[in-house]
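Hello! I am passing a structure on to you, with some notes to read beside it. Please have a look at it first, and then go through what I found.

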Amino acid sequence: MTGYSDDLRLAHMLADSADDLTMRRFRAVDLRVDTKPDLTPVSDADRAVEEAIRGTLRRARPRDAVLGEEMGRTSGHGARCWVIDPIDGTKNYVRGVPVWATLIALIEHGRVVVGVVSAPALARRWWAARDGGAWTGRSLTKAARCRVSSVASLQDASFSYSSLGGWEERGRLSDFVELSRSVWRTRAYGDFWSHAMVAEGAVDISAEPELSAWDMAALTVIIEEAGGVWSDLSGNPDIDGGSLVCGNPQLHGEVLKLLGDERARASLRAVPPLRPGISGAVRPPRG
Ligand code: IPD
Ligand code: CA
Ligand code: CA
């Protein structure tokens, strides 16, 4: 039980109704796909899911603000905001690839406190509420705890990402290739899946160069509650930072050293090395 149990239960209900909608339209022959002004696709299912979630939140949490990818921001009367990506992985969804999910998060006083990632075509769901641990399973009562891996060196690590394109556009392809060559294994599982697999310890590190708040909010609390670390490419844990790097505590900083912005690299260089015999990211107190 956490202070957010009711909100987590509501987030699961929102995910259940989203799953009904998305699964009914997945691979439908009459699925309608439009192109948004940013030239990315959006289907009738993306819009229907966001509309349905907003409808339920209007009744169940009338004071809360809502931010959704397809319908923007609706203001509220307090310090709480639900952040919704109705379908993360729309390009997969419209092509019949089962790697897509509905992402639902609740932010309170600027911190993500609840996150649910529901991927019904994979028969998978991941969730967390602040201080309540990270979980995966079919429902709140049928769940297994998520924990990040304990792989401690890059040469033993499995690294997942989405595609090369974003790194190339940011002029970061050579850093990306260097990281890829430093790890044991790479696989582009893509979208939410890379980060969800870090939370459950199946993958050790994940990174994405270009994301919005709704792409990452739900994932960040799941990563944290699974014992992992996340930040943007500058090393800040900021869901408006535009990028995401996730890992277990031993590896997150190692990834930033290769892939992070100059600011992140400089601050990592400024931190004194660990004393011999001490492992992990927790450093001994100074002095
Ligand atoms: C996309 C995914 C993908 C990321 C893109 C996003 P969408 O979200 O999160 O991993 O690389 O930048 O736009 O559009 O499928 O919800
Ligand atoms: Ca997304
Ligand atoms: Ca989306």
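**What I found**

The mean positions of the 36 positive and 38 negative charges of the protein lie 4 Å apart. Here Lys and Arg count as positive and Asp and Glu as negative, while His and the chain ends are not counted; a charge is placed at NZ of Lys, CZ of Arg, CG of Asp or CD of Glu.

A word on the ground rules. This is a predicted model, in which local features need pLDDT of at least 70, side-chain atom pairs count only at pLDDT 80 or more, and totals for chains, interfaces and linings use all residues. Residues are numbered from 1 along each chain as its sequence is written, chains are lettered from A and ligands numbered from 1 in the order in which they are written, and side-chain values use heavy atoms, with hydrogens and water left out.

Now the overall picture. The protein has nine helices and 15 strands (DSSP runs numbered from the N terminus: H or I of at least four residues for helices, E of at least two for strands). Its C-alpha trace spans about 55 × 40 × 35 Å along the principal axes. Of the 287 residues, 50% count as buried; buried means under 20% relative accessible area, exposed over 50% and partly exposed in between, with a 1.4 Å probe and protein chains only.

Next, the calcium ion (ligand 3). Which residues coordinate it? They are Glu-69 (OE), Asp-85 (OD) and Ile-87 (O), at 2.1 to 2.3 Å. Donors are N, O and S atoms within 2.8 Å of the metal (3.2 Å for Na, K and Ca), and water is not among the atoms, so sites may look incomplete. The calcium ion (ligand 2) is 3.8 Å from the calcium ion (ligand 3), and Asp-85 coordinates both. Distant parts of the chain are linked here: Glu-69 is in the loop between strand 3 (65-68) and strand 4 (72-74), and Asp-85 is in strand 5 (residues 80-88), 16 residues apart. Asp-85 counts as buried because its relative accessibility is 0%, whereas Glu-69, at 24%, counts as partly exposed.

Finally, two residues other than glycine have a positive phi. Leu-39 has phi near 70 degrees and sits in the loop between strand 1 (33-35) and strand 2 (41-43). Its relative accessibility is 70%, so Leu-39 counts as exposed. Ala-123 has phi near 55 degrees, in the loop between strand 7 (111-119) and strand 8 (124-129). At 47% relative accessibility, Ala-123 counts as partly exposed.

Happy exploring!
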